[in-house]
Amino acid sequence: MHIPDAFIPMGQALVYWVIALIFIALALRWARRSMGEEKIPLVAVLAAGIFAIQALNIPIPWGTSGHMVGAALAAIVLGSPFAGVFVLTLVLLVQGIIFGDGGITVMGANIVNMGVVGGFVGYYGYAAVKGVIGNTYAAAFIAGWASLFISAILCAVELAIAGTFPLSLGLTFMGTYHAVIGLIEGGITAVALYLIASARPDILEHPQAVSA
Amino acid sequence: METEQFVIIGIVIALVIAVAAPFLASGNPDGLESAFFSIHEAKPFMGSELDEEAAGAAEEEAIATTGNDFSYEALMPDYTIPGLDKVGEVLAIVLGTVVMIALAYGIARVTARPDN
């Protein structure tokens, strides 16, 4: 879902950069207040794992592929939507600057779509669904799916504003493909959460006890 | 599990994925690219045949529409190392993973809440 430079006019791209920078500043404030030093190795491992898994495009029908984004996982594991912003910003910086994956002028939009929306929908979706159905892994799956799907919907709206997609076709096509890619996001989020929770139940943050 | 062991296992898993990705990853357009090509009639919405010529024209059209012709030559474009085939792809993703560990560790180190 990495938007390339050509898809958004420079002026609009700048607006998304401003929004992204506000959330990056909030994420840094979250880190200073709530990300204890014991979390540092976990942040490094999550960022590396998310970078690697993003390179693994999994085929879906219709000659299309998709990969995990990972913001929901980071937000759930580290106990704050801002953790999704924090980790995804770093991942998108490396992808954009070293690998040309995702544009430079539009990196703000990619940070907003994947880091901010992914982190917030993932985190609050997980907390809400877990509160209703009680099952951690089902909640992680649903939150992962929703985080990816809503990121894609926002992306379609941005590209409609940009003039790159007509709105209705953009929503239909982006929504359809990412409804399926969301299953990848949800599945890997649930499995990774299970593995982390099994290995180190103590380092998982609990949604109730967390503030940004 | 001790933190050291947890971190080592985590890094090993990331590196295994990094090495395997070039062999396993699908080369099909991702969801956004596929939607873009379908909307611009370079590919059927529910089909898989990509018309390369129409796809290229659609990309030119996007630049004309947005006026954003910013271009940037990345060091390892699209997770490749120019001149090296599969080996280059493996190396690129492994290097990226290592850079990611170092960068995330460093940034987390300087931004984390001090313990005392």
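The contact between the two chains takes 63 residues from chain A and 61 residues from chain B; two residues count as in contact if their C-beta atoms, placed from the backbone, lie within 7 Å. This is a predicted model, in which local features need pLDDT of at least 70 and side-chain atom pairs count only at pLDDT 80 or more, while totals for chains, interfaces and linings use all residues. Residues are numbered from 1 along each chain as its sequence is written, and chains are lettered from A, with ligands numbered from 1, in the order in which they are written.

**The side of chain A that touches chain B**

- At least two residues each come from α1, α2 (40–54), β1 (58–60), β2 (64–66), α4, α6 (136–162) and α7 (167–199) of chain A; helices (H or I, at least four residues) and strands (E, at least two) are DSSP runs, numbered from the N terminus.
- The largest share, 11 residues, belongs to α2(A).
- By class, this side of chain A has 42 nonpolar, 14 polar and seven charged residues. Here Ala, Val, Leu, Ile, Met, Phe, Trp, Tyr, Cys and Pro count as nonpolar, Asp, Glu, Lys and Arg as charged, and the others, Gly among them, as polar.

**α4(A) against α1(A)**

- Helix α1 (residues 10–34) of chain A packs on helix α4 (residues 81–99) of chain A at an angle of about 110 degrees, their axes being 9 Å apart. Axes are lines fitted to C-alpha atoms, for helices over the stretch in contact, and angles run from 0 to 180 degrees between N-to-C directions.
- That makes α1(A) roughly perpendicular to α4(A); under 35 degrees counts as roughly parallel, over 145 as roughly antiparallel, 65 to 115 as roughly perpendicular and the rest as oblique.
- α1(A) and α4(A) cross in a left-handed sense, meaning that the near helix is turned anticlockwise from the far one by less than a right angle, whereas clockwise would be right-handed.
- On the α1(A) side, the contact includes Phe23(A) and Trp30(A), while α4(A) brings Phe82(A), Val85(A), Phe86(A) and Thr89(A).

**α4(A) against α5(A)**

- α4(A) and helix α5 (residues 107–133) of chain A have axes that come within 8 Å and cross at roughly 150 degrees. The two helices are therefore roughly antiparallel to each other.
- The crossing of α4(A) past α5(A) is right-handed.
- Among the α4(A) residues in this contact are Gly84(A), Leu88(A) and Gly96(A), and those of α5(A) include Gly115(A), Gly118(A), Gly119(A) and Gly122(A).
- The classes here are 13 nonpolar, eight polar and no charged residues.

**Phe165(A)**

- Phe165(A) sits in the loop between α6 and α7 of chain A.
- Phe165(A) is buried, with 26 other C-beta atoms within 10 Å; a residue is buried with 20 or more such atoms within 10 Å of its own, exposed with 12 or fewer, and partly exposed in between.
- Not counting residues up to four places away in sequence, Phe165(A) touches Ala156(A), Leu159(A), Ala160(A), Gly170(A) and Ile39(B).

**Chain B**

- Chain B has four helices and zero strands.
- About 55 × 30 × 30 Å is the span of the C-alpha trace of chain B along its principal axes.
- Of the 116 residues in chain B, 31% are buried.
- Among contacts in chain B between residues at least 6 apart in sequence, 29% link residues at least 24 apart.
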